[in-house]
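Here's a quick briefing to read alongside the model. Have the sequence and the 3D view open as you go.

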Amino acid sequence: MSAAPPASAAAPVNAPARRRRPVQRAVRWAGRRWSLTIGLAAVAALCCAALGAGWLAGQPPDVQHMDATLQPPFGRHLLGTDEYGRDVLSRMLFGARLTLLASTAAVLLAAVTGSALGLTTGYFGGAYDSLAGRMIDVLFAFPVVLLGIAIVAVLGPGEPSVVLAIAAASLPNFARVSRSAIIAEREREYVMAAHAIGAPVPYIIVRTLLPNLIGPLIVLVSLGFAYAVLYEASFSFLGLGAQPPTPEWGVMLSSARSYLFQAPWYAFFPGAAIFVLVFSLNLVGDGLRDLLDPRRPTSGRPP
Amino acid sequence: MAKYLLWRSLSVVPTLVGVSVLVFLITYFIPGDPAQIMAGSDATPDVVAGLRHQWGLDRPIYVRYAVWAASALRGNLGESYFSHMTVLQLVGTASRVTVELALLALLIAVVIAVPAGIASAVRPGSWFDLAATAVGFGGLSIPGFWLGIMLIYVFSVYLRWLPAGGFAPLSDGLVPNLRSMILPAIALGTFASTQFMRYLRASMLEVLGADYTRTARAKGLPELLVLVRHAMRNALIPFVTVLGVQMGYLLGGTVITESVFALPGIGRLVLNAILNRDYQVAAGIILLIATAFVLVNLAVDLVYPVLDPRVRLGRPTLSQ
């Protein structure tokens with residue numbers, strides 16, 4: 001990067017400037033979209049921390065030190081220890097893996113099934129559309145937590161139930177957005193043209209119509225991600241998701257509240273981690289909405 | 001108008017039928033044989049078969065749904081396997097806590113959100129607007145159960161001002177009751193409050209940029225009158241819709257809040273029912289809450305054209 005331009009270059013004056021310009025442009029671009037940049041950076045950092053948990057943590061999340069329980073932070077353990085003398089930082093880093101994995105699975109499941117439903121109902125309409133619409137109304141009638149409770153009742157507590165519950169609760173959003181978008185696009189000339197050249201219907205839906213919905217769908221994914229993290233932790237906190245001794249943020253908070261008197265920091269850190277992750281994901285979602293959906297008013301600045 | 005009201009009211013019927021089918025299917029697919037649970041683990045197969053016949057569990061699934069739905073319509077939602085109280089009795093006691101909690105949370109949310117949302121829309125880009133937006137963004141991202149735990153730490157453990165949990169009914173007096181409810185209501189209402197604020201700010205900005213606001217200013221109306229009579233009236237109408245949607249989140253959120261603050265409400269009832277495998281109670285409560293949510297949204301949609309005569313009446317579309 002710091003290599004000097006070769007002396008024999010045809011345009012020695014212009015070469016370095018041209019080389020620097022993309023970087024400068026990128027910096028300026030990122031500066032204008034600071035919420036997106038900060039959010040993406042924070043999410044990336046948290047993902048890296050989760051991936052490198054084994055290396056960053058210094059010690060495994062399940063080793064107990066019964067002689068050093070509920071240690072305060074900034075001692076031998078950076079974030080202190082829990083009621084079994086396990087390292088809180090290590091448990092949080094490993095817990096990030098589960099939360100990120102489960103939320104990603106839930107959002108992807110909702111995005112794929114929801115938009116598939118929305119695309120097909122919007123395209124075909126008719127009885128199929130009204131039937132699917134009714135079913136989505138029914139799903140909408142259940143608050144997320146109740147949907148989770150109902151699914152846990154059938155499948156038993158655990159992360160798969162949680163993923164399914166979050167996916168079922170976010171599915172209607174994807175279905176509604178893609179359905180109304182496709183109804184608006186269906187009659188446009190380029191779709192007619194695709195019909196005219198004899199393109200098969202699946203091709204028209206996936207290759208012709210779907211690319212026009214990618215923007216709003218990406219925004220929904222990033223905002224849905226924030227909700228998924230929030231609910232994943234909530235379900236585990238309630239005892240419906242991951243079970244102790246799994247290192248998971250909601251599980252940690254649930255056991256930490258019994259030690260609020262002796263060790264308030266123990267309850268502080270896992271919740272702060274959830275907050276930071278959700279906050280960053282919301283920043284990303286907001287930034288993406290400003291970027292990809294210029295019709296909507298920006299939320300951070302006056303119009 | 002009457003046609004719209006009728007059409008919208010009837011449109012909840014299929015939704016409610018779907019809700020009841022879903023809840024019934026949940027109880028149907030729950031692992032474990034209810035007859036075996038009732039009979040106990042050391043009962044002979046004959047006894048279990050007798051119980052199964054007696055409770056109609058050997059009949060086809062659609063007959064069982066019809067019987068269940070018919071008794072639910074008459075208000076019979078079954079009884080707890082453990083306490084042998086009927087679901088309605090259990091819900092009746094617990095709903096006092098939950099309804100008070102949800103209403104208090106809603107009140108706190110509105111009291112904070114309406115002035116904050118309007119003030120930041122009146123001076124967009126001001127320090128107040130930026131601070132309110134930032135705080136709102138934080139409130140949107142904060143996990144309610146963590147906020148609850150932190151409130152308990154600050155106000156109960158550290159400052160010792162308020163009880164850390166438990167419920168004091170109104171019969172104990174208003175002050176003890178409110179002391180036991182204020183922290184849960186704040187923890188529950190924060191999320192709704194930030195939603196309200198963001199929504200109100202956006203709709204106020206829209207209204208303040210409208211031509212009739214400019215006209216009102218141009219004819220020399222005092223700014224306060226412009227705000228209250230011209231802008232707020234119109235900005236608050238869509239707010240009713242958000243209110244209805246948030247009511248559902250509040251009802252769901254009470255499960256978490258009641259668990260954090262050890263309040264004996266519906267949320268804790270349904271959570272404990274699931275954790276104890278008391279499925280009749282769980283199914284009954286889920287059905288009740290989902291129905292309540294559908295009806296609240298129906299009420300919102302019915303009130304809407306009264307508040308805003310401009311809305312196009314007719315067959316509402318799926319895309320809201």
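This is a predicted model: local features need pLDDT of at least 70, side-chain atom pairs count only at pLDDT 80 or more; totals for chains, interfaces and linings use all residues.

Residues are numbered from 1 along each chain as its sequence is written, while chains are lettered from A and ligands numbered from 1 in the order in which they are written. Overall, the model scores ipTM 0.84 and pTM 0.84.

**Chain A**
- Chain A has 11 helices and 0 strands, where helices (H or I, at least four residues) and strands (E, at least two) are DSSP runs numbered from the N terminus.
- Of its 303 residues, 46% count as buried; buried means that 20 or more other C-beta atoms lie within 10 Å of a residue's own, exposed means 12 or fewer, and partly exposed is in between, with C-beta atoms placed from the backbone.
- Take the contacts in chain A between residues at least 6 apart in sequence, and 69% of them join residues at least 24 apart; a contact needs two C-beta atoms, placed from the backbone, within 7 Å.

**Confidence in chain A**
- The average pLDDT (the predictor's confidence in each residue, from 0 to 100) is 83 for chain A, and 90% of the residues score at least 70.
- Within chain A, helix α1 (residues 14–32) has the lowest confidence, with a mean of 70, and helix α4 (residues 88–124) the highest, at 91.
- Residues 1–12 of chain A have a pLDDT below 50, and this stretch makes 5 contacts in the model beyond near neighbours in sequence.
- At residues 297–303 of chain A, pLDDT again stays under 50, and the model has 14 contacts there beyond four places in sequence.

**Chain B**
- Chain B comes to 13 helices and 0 strands, and its C-alpha atoms fill a box of roughly 85 × 60 × 35 Å along the principal axes.
- Of the 320 residues in chain B, 38% count as buried.
- For contacts in chain B with a separation of 6 or more, 71% are between residues 24 or more positions apart.
- Chain B averages a pLDDT of 84, with 95% of the residues at 70 or more; over residues 314–320 of chain B, though, pLDDT stays under 50, with 9 contacts beyond four places in sequence.
- Helix α4 (residues 61–73) of chain B reaches 18 Å from its first C-alpha to its last, close to the 18 Å expected for its 13 residues (1.5 Å times one less than the number of residues).
- After α4(B) comes B:G75, which has a positive phi, near 90°.

**Where the chains meet**
- Chain B puts 46 residues into the contact and chain A puts in 44.
- Helices of chain B that each supply at least two residues to this side include α1 (2–29), α8 (174–208) and α13 (279–307).
- The chain B side divides into 35 nonpolar, 10 polar and 1 charged; Ala, Val, Leu, Ile, Met, Phe, Trp, Tyr, Cys and Pro count as nonpolar, Asp, Glu, Lys and Arg as charged, and the others, Gly among them, as polar.

- Beyond four places in sequence, A:I149 is in contact with A:L240, B:V270, B:L271, B:I274, B:A282 and B:I286.
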